[in-house]
Every structure is written in structure tokens, then in C-alpha cells.
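Here's a quick briefing to read alongside the model. Have the sequence and the 3D view open as you go.

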Amino acid sequence: MAKAKSNTEDYLRMYTQMVRIRTFEDNANQLYLSAKMPGLTHMYSGEEAVAVGICEALTDADRITSTHRGHGHCVAKGAEFKAMFCELLGKAEGYCRGKGGSMHIADQSHGNLGANAIVGGSMGIATGSALRAKLQGSDDVTVCFFGDGATAQGLLYEVMNMAALWKLPVIYACENNGYSEYTKTEEIAAGSITARAEAFGIEAHQVDGQDVLEVNDLARKLVARARKGEGPFFIELMTYRYHGHHVGDINREYYRSKAEEKEWKDNRDPIIRFRAHLVREGIATEADLDALNAEIEKDAAEAVAYALDAAYPDAAEVDMHVYAA
Amino acid sequence: MREITLSQAVNEAIAEEMRRDPSVFLMGEDVAEAGTPFKVLSGLVEEFGTERVIDTPISEPGFMGMAVGAAMTGARPIVDLMFGDFIFLIMDQLCNQAAKTHYMSGGKLTVPLVLRTNMGATRRSAAQHSQSLQALVAHIPGLKVAMPSSSYEAKGLMKTAIRDNNPVVIFEDKLMYQDKAPVPEEEYLIPFGVANVKREGRDITLIGTSSMVQVAEKAAEILAAEGISAEVIDPRTIVPLDEKTLIESVKKTSRAIVIDEGHQSYGVTAEIASRLNEKAFYHLDAPVLRMGAMDVPVPFSPALEDLTVPTPEQVAANARRLCAGELIHAA
Amino acid sequence: MPHDVTMPQLGMAQDAGKIVSWLKAPGDKVAKGDALFEVETDKATMEVEAQASGFLTHVTAQAGEDVPVGQAIARISESAEEDAPAAAPAPQAADALPEGREITMPQLGMAQDSGVLVGWLVELGAQVGPDDPLFEVETDKATMEVPAGARGWLAATLARKGDEVPVGQAVAVISAEKPESPVAQGMRAQASAPAPKPAPEPVARTDKAAQPAPAPKAAAPVGGRILASPKLRRVALEQGLDLGQLVAAGHPQPYHMRDLETLKALGARPVASTGVASVASLRLEAGIATSDFAAFADWAAKTAGLADADALLAGLAGASFGAPCCIAVERIPARRVFSVPAGRRLSDVTETESAPDLVLRDLRTTRVQAVSMGVEQVPVLTVMQRGAGLSLVLEFSAGQMPPERAIVLLSEFAGRMEDPLRHLL
């Protein structure tokens, strides 16, 4: 699908998707802070170029597995605001009829096999999806998103071993945002993360996760090769989460400084960088982009209002969907 | 009717379903050329090739997780877990992922997979290769649990499991693989949640799972010689459980013993006994007894191991006490 | 679009936060991301950023206030002019308090709902700054100084030393102008206690399990709990049988269905208040013009050494009922039970403690002339004096004996009482 478009369209779409993620998260954060959202949630803000750069290289037939910090993947894979906000608020019109919530949004229609609240919990699922593709002679590719913290899970090494043995069309996308929950990654990960994949003979790349074009270029190449049976691949995407581990993790100077956060926000923000690129290259004007932003904010505000008013699931649904027919 | 071993019955069921449905495939440790240590799957790789009979590394969580992903995206994997004891290794993938995906996705995703594994002590394999862990799995909503008691059940339940759209765990008693029983040549399926009344009786109901059905049948014979008429029922699946048949039987006999090889405490026997107490209380003429494996890790020494599992003689003795109206509890 | 500034949820288990200070003043221009105010929770103090750009207006909560999570405390408007005077309903002052900001008892701990005022640290009417310690509070955990939180004059104190003040209740008023007549009061009634935090809207739950039906009351056991199976209890209840009879008859517990026949043989008795239909009472009456029993008893005592007239009565009744059996001779309140063996030897009648098969109720010495008592546990044969003769009434149920047998019993007993010697023939 990407081939059919001009670069302009692709670029504007990538910009739009990144802004949609940021806007979604700003609204979700507000819902949490104003105690309108049950439970808690994990913000993807700051990491937009990772989800968008990769998902823009995928089709609806390609699958992804997502994480507890999964709103970005969900939006990038094509989900709509309304059903997402409804899910966050536990409403019947949510993607999972309010049964999953923030940490379990799945959007089957766009190939999102679901966020997962177990760190590293979806690595088997993603690899299994790729095994199915290979067994059934299907050319779809599965991307497994996970954080640097999940590299500490043994499951990763079991499935990378099998994926490499059987040349499965899976791409392991490690979003290294520098922190494993409340702990610096360097304190929990020995040696090199990419070297771990390389030990299984898996081609591994490290890329600037704040540069959507760089991420997208690499993703397109690897996805195309995975379709031809050259997988699996491993990408370590160097990125940053602007918020704490979760929305309530506000007082976090004990593990990272405000100066560090400011540095990433001011100088490495994926949206600001890409926006400058678009203007510089004459793909869009500041005014165009402002209008785009405003439209997205309006969409989000409408979706939030809709979700706040939407109905909760009927009590009769509580024991529905335990077993499939 | 021809008689085949339980092992052959499982093999036939899988082969028939793999022929019928190309989305069915098998994965696990040493399932291909080795055909598993119990040789249950011998010959399948010759017919279906290594693409569909996949030998995995010794990575239980890994291949279990992959089965979940494959099932979610359109395949029907059968996972072979070499020993039931290894279920502890795959708990996250089975209970947090497979069991909950359909519910958490609001019914949009399904996980049609079969986990076939085994149970049963007295094989002198000690504490980490002898457990009967069906209660652990049966506790988790979203999983179905089948416990075949003979070759006939093993084949019919396996075929139903493969066609079911949910994760199904099948526990085969590893001591029964060579036991023969009549199995028809023609195709049949055994529906889940339908108990089998193996023997009709008047005085007491003996409910057994898996190999404990045989124990119950032997006990019934001992009792018959003494004039006590025992009814023997095999629930065949413990999730879903055919409560109705069990309750109807107990309403008739007024007494029941539930026998399962899992540890007695917090087990399958407790669950069934509880349901009988709740739903047939005013028909009970004696307390419902549980008979499970002793609450000890399974010991290695034959002299000790044999003490841990219910025997026909123990079942008969308990049945006798119940029928005689002995005061079972401490008043 | 104006944007409400709300007290953010900052921790996993936090439901309110204290505004330490505003970092922007009403009317100030703010940009999204600017630090707007500082909040203190039980864990830490932190800055909260503006979530929108505009002008800070409608500030309704001041530094020092504890605000429930989610409550609006200000607005970010499109212009500074929008800052209308706060429309918040002013709490009705009880006794014409000076105007000014109410200072409330702060929440100082996670599970604290009041604080004891240790003392005022500012003199009434004196000038205070927001950071000046205003009063000292003691909670279960500690004693601490509470800053005024506002600038002005201490115009009123609403609690005295030693008062225990609920969290959120006003303890002082700080006025912007120097008060003319400062007010000092003791603690007033809890008028301005904070509204309870609204509970999150619960999803309706249907209780799928049927409400358990009220359990039918079992017949009261004779002397403590009877050990019996649930099934036997149910069947006994349905058939109007009393398990207590098994106890009374000395059968060993526990009881099971195998004991049902024994229980039935002991006879039925309607179980009160169980809803079981009462058993139909049958009644037969007989009369004799004269009775030689008294003379017979005298004779038996003198010639045969049978001095116990009750035993004789029991013997005659037992023979009529069908020996062997147990007959109770009841002369209220006394009651003696006799075992009547087969055969006619009255000397073999002995006292027993077994349950009776028939009660002989001797009312000859009373003035009772007619009875209709209904069915009891066993058939009751009542004997009453009528002139020189006797009136005899047999009450029983069909379950206890067939009517034919009752007729024979009553006829035979009447004959024996008329002429006891017939018994010996």
C-alpha cells in the first residue's frame, strides 16, 4: 500500500499519526488526572516515531503485539479514537467491550493482537503468529513490540531461538526508553541488547527511535525481507518516555532528572523534528500543520466527550466471552 | 469391536483431525521422529511431515506462547507437554494469555488450541514427574479440561478438543497408554460436559476421573459381592462439568465418593463434593467423601509411592462405611 | 475552549492533594506545560503543569487547601477578562463572622479524620502571611504547625485550644482588611464538613445466584442436636415423623434412611409449625354402667400380692391393645410406663423406661367428663368416671392403627374394666 502513495502523502500521514498518538495520550492523561478514568495507564508520549515508523511499513494483514504502554501501537496500527477512549473508560463500545481496558486493547480489524499487561508476555504470541504465517504460506509479518525491561524475560530468548531456527517472519522491536519501570536500563541489562539477538544469528539493528524517517526506512526494508523469508530481525529503537512509568509516577526525580527530560523534549522530540523537516522540505507549511493539529485535537475532544457519555456494558456481559462458541 | 491402546487412540484422533483440517499442527519436545517418550505420536511425522509435526527446543513457555499466537491468528495448534508437571513452567502463557484472550478482547479473538499432557503416579518417577495437576488448570476460567478414562474417551475427547474454539487441556494418565479398550473403526466425537454412567447402581455413587474410573469400577465389583450396589460415573470433562448427571445419580443413591488423583486438598474432588452438597444436600444420607492423592510430594520409593494413590480396596472400604451409616465425622 | 484545571491524581492510593502554592496568579498568561501550581501529597511535593494554554482564571482553591482529586480548582480561559468573581456558594457564616478566607483543619495523614487544636500561634486580629504558622495541631501521629496559607488578618478563630476539629471544618477566618471586631468562638457544629468524595459509579451487578430460600425449620430435637443425615431429616419432615422419637426410644445415632422404618414404627406425631398437614384425628367413645375394677384391684392385692393398681390397669390395656407392648399409665402429672408381655399373667407386668405404644390417661379422679385432645405421638385411651360406671375415649390416627383394631381395642378394654375377671378367663 505504501508504494502507491507519494512521499508527501506518506510523510503527512506519519506526521498525522504521531500527532494523533500525542493527542490521544494528552487526553488520556487528563482523564486519569481528573479521576474520570478507572485504573491507571502508561503514556506513550515521546515514543511516537517508533510505533508510527514501524506500523507505517505494515499492512492490516500484518500483525503486531503490543505492551502495557500500548496506546501508541494501537493508534499507529489504525485504531479509532472513539472505541479506544471507550475502552479506556470501560464502556461497552470500547474495542474490547470494556473488558480489557488500557492495558489490553486489541484491535483485530487492523491486526493488533493486543496489548499485554505481563512484561514480555506477548513475545510467544508474536512468534507464534509468525509461525502460523510460515506454516500457512502467508506473507504477513508480525512485529513484536516490547520494552528494554522485557529483555530481562527468559521467554524472549526461547522464542528468538525458535524464530531463528525456523526463519520466522517476525521483527522484535525493542523500544529502549532508558528505563525499566523505575530503574535505569543500564542497571538491569548487562552487555549489549542487540548482541543478544545476534547470538542467535538474528540480524540486529540499533536505530534512533526519535527519527520517524530513519525508523520507517529500516522497517520497510526489514518487513520486505521478512516477507521473503529472510527473517527474523531485531531492532533496538533508542527512545524516551516523557511521562513516568505510569500516569501516577509524577514525582520521579529520584531516578531521572528534570534536566534530562527537558533535553529529550526540547531537542529530540520526534514530532518537532519531523515537523521542521516537513516545513524545510516544503511538504507542508506551519499553517497546514497547525490546522492538522487543531483537527486532531477536535477529533480527540469529541471522542472523549462521546466516551464519557457512552454506556457501561450491561451487567449481563460479565460472564459473556469466557468461552468461545 | 476392535480394541486399541489409549496411545493408539490419541494417535488416531490427531491423525484424523490433521487430515481433516490443514490448520491443525502439532508442536512439542520430541514429537516428530521420537514420537514422544511414550511413543504416543509415532508415525505422525511420516504422514504429515516436519512442517506440521514440529520438534521444539526444550522451551516450554516459548512454544506454549507460540501456540497461543498461532491459535489467535488462524491455526489450530496441538501442544505436547511431555510431563504434566511442566505445566508450572507455562502457567503465564496458559493462564494469563490463552485463557483470558477471548474475554479480554471482548470476544473478538479466540484461542483454539489443545494442550495435551499427562498425569498419574506409581510410575516410580518421583515428585517432579508424577503429579496430577488438573485442579490448577480447572481453576482458571477460559480453559476447558478433559480427562479421558479409556481409549474410547481418549479418542473422542481429543477430536472434540481439536475442534473446540477454546484452549483445552487434556490430561492423559501416563500409566494407561498401553491399556486397551474397544474403539469403533468409524468416526465419533464425545461432546464436552456429558458424563458417562459406566455402571448403574442403587446404594452409592462413585465418581472417578481418568484412571480413577477404573479404580471405582473395581471397587464396585468388590461391593457388589457384598450386596452393595454402586453406580460409577465418569464426568469425562471436569470443565465443563456435567453436574446434572452427578446430582441425579446422588439423588437416587443418597451417597457419593469422589475420586481423583490430584492432591486431595483444594482439589477436583473438593469441587465436585461441594456441588453435590450445594445441590443435592437434602438427598444425602451420608457425607460426600473425597478421595485424592495424599497431600505429600509423590515419593520415589515404591513402598511409599503406592500409599499415596487411592485404591479400589480403600474406595470399597469407604463405601461400606457410608452404606452402614457409620458416623464419619467427629460429632 | 476553556480548560478546567483539576486536582490531579498523583499516586496509586491518593484521593486528595494540598495546594502548596500557585506558581501563576489569576489573569496570568500560561502556556501548556508551564508549571502551574505545587501540590503536596502524603508522599511528596511536586509541580503540576498546565495542560492547556491561555489565561489562568476562576481560581477557587488557595494555597494550603486540601482538594479532592478531580475537583476543578481553576480554569485556563481564552482571555484574562473571563475571570468573573468566584461563583462558588459562600458558606453561610453562623454568627456573622468577619469576611475573609476560611482556614480549615487540614488532612495531615492518610487515615485521619480530625485534629486536636493544640493552640493558636497568631494573636486574634494580628496580621499573618501565608507561610506563617497559624495554629498547632495534634493528630494520632504527631503534632505540627499549620501555616496560615493566606495573607491578611486573623479575623476569627472558630475553635479553642483542646477542640477536636474534623478535617475540612473551618477553624479560622483570615480577612483581607484589618478586622474591626475579631471573633473568637469555640468549635461550632459540623456545618461545613467536606462533602464525601463521590464514589465511582459502579457497574450494576446482577446477583446471578438465586437467593437462598429460607430453610424450613426442623422439629426441635429432644435434648440437643440429633445426628441425622440430611435425607432422613427431609423425609421425616415430609412424613411428619419426629427424629426425637428415635432418641427417646434409645436408638443409637447417627440416623440414616435405614432407620426410617424404625421411626415409622414408633408412630407418627404431627410436627408443629412445619407446614406439614396435620394428621387427621380419629376418636372412639365407649361407656360402661358399672365397673368392678376397684373390687378386682382390692382382691388382687390381697390374694395375689399385686398391690400396684397401675400395673393392673396397664395389663388390662396391654392385653386389649395386643401384647407384648408398652403402656403408659398417666395420671397427670405422673406417668409410669409398663411393659406388658404376651400372655395374661398380670404379675409379669413390670415398669420400664421404653417409649409407650399406648397411653392410658386416667382421669377418674378428675371432674373431666369429655375429651377431644387430637392425635398425639401414640394412641391415647382416656378413662373418666361416669356415675358408677366409666366413660372411655380412644384417640388415634389412621397411621397409628387401623380403625378396626381401634374398635377391638376399645371394646375389649371396656369389657375388661366392666368385669376384670373376664381377663383371666
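This is a predicted model: local features need pLDDT of at least 70, side-chain atom pairs count only at pLDDT 80 or more; totals for chains, interfaces and linings use all residues.

Residues are numbered from 1 along each chain as its sequence is written, while chains are lettered from A and ligands numbered from 1 in the order in which they are written.

**Chains A and B at a glance**

- Chain A comes to 12 helices and seven strands, and chain B has 11 helices and 14 strands. Helices (H or I, at least four residues) and strands (E, at least two) are DSSP runs, numbered from the N terminus.
- Of the 325 residues in chain A, 54% are buried; for the 331 residues of chain B, the share is 59%. Buried here is 20 or more other C-beta atoms within 10 Å of a residue's own (exposed is 12 or fewer, partly exposed is in between), with C-beta atoms placed from the backbone.
- Take the contacts between residues at least 6 apart in sequence: in chain A, 76% join residues at least 24 apart, and in chain B, 79% do. A contact is two C-beta atoms, placed from the backbone, within 7 Å.

- α5(A) packs against helix α6 (residues 154–165) of chain A at about 10°, with the axes 9 Å apart. Axes are lines fitted to C-alpha atoms, for helices over the stretch in contact, and angles run from 0 to 180 degrees between N-to-C directions.
- The pair is therefore roughly parallel (angles under 35 degrees; over 145 is roughly antiparallel, 65 to 115 roughly perpendicular and the rest oblique).
- On the α5(A) side, Met123(A), Gly124(A), Thr127(A) and Ala130(A) meet Leu155(A), Leu156(A), Val159(A), Met162(A) and Ala163(A) of α6(A). That contact has seven nonpolar, two polar and no charged residues. Nonpolar covers Ala, Val, Leu, Ile, Met, Phe, Trp, Tyr, Cys and Pro; charged covers Asp, Glu, Lys and Arg; the others, Gly among them, are polar.

**Helices α1(A) and α11(A)**

- Helix α1 (residues 7–33) and helix α11 (residues 270–280) of chain A have axes that come within 10 Å and cross at roughly 155°, so they are roughly antiparallel.
- Tyr11(A), Tyr15(A), Met18(A), Val19(A) and Arg22(A) in α1(A) meet Pro270(A), Ile271(A), Phe274(A), Arg275(A) and Leu278(A) in α11(A). By class, that is eight nonpolar, no polar and two charged residues.

**Between chains**

- The A–B contact takes 35 residues from chain A and 36 residues from chain B. α3(B) supplies the largest share of chain B's side, 11 residues. That side has 15 nonpolar, 18 polar and three charged residues.
- Chain C puts 10 residues in contact with 10 residues of chain B. The chain C side divides into five nonpolar, two polar and three charged.
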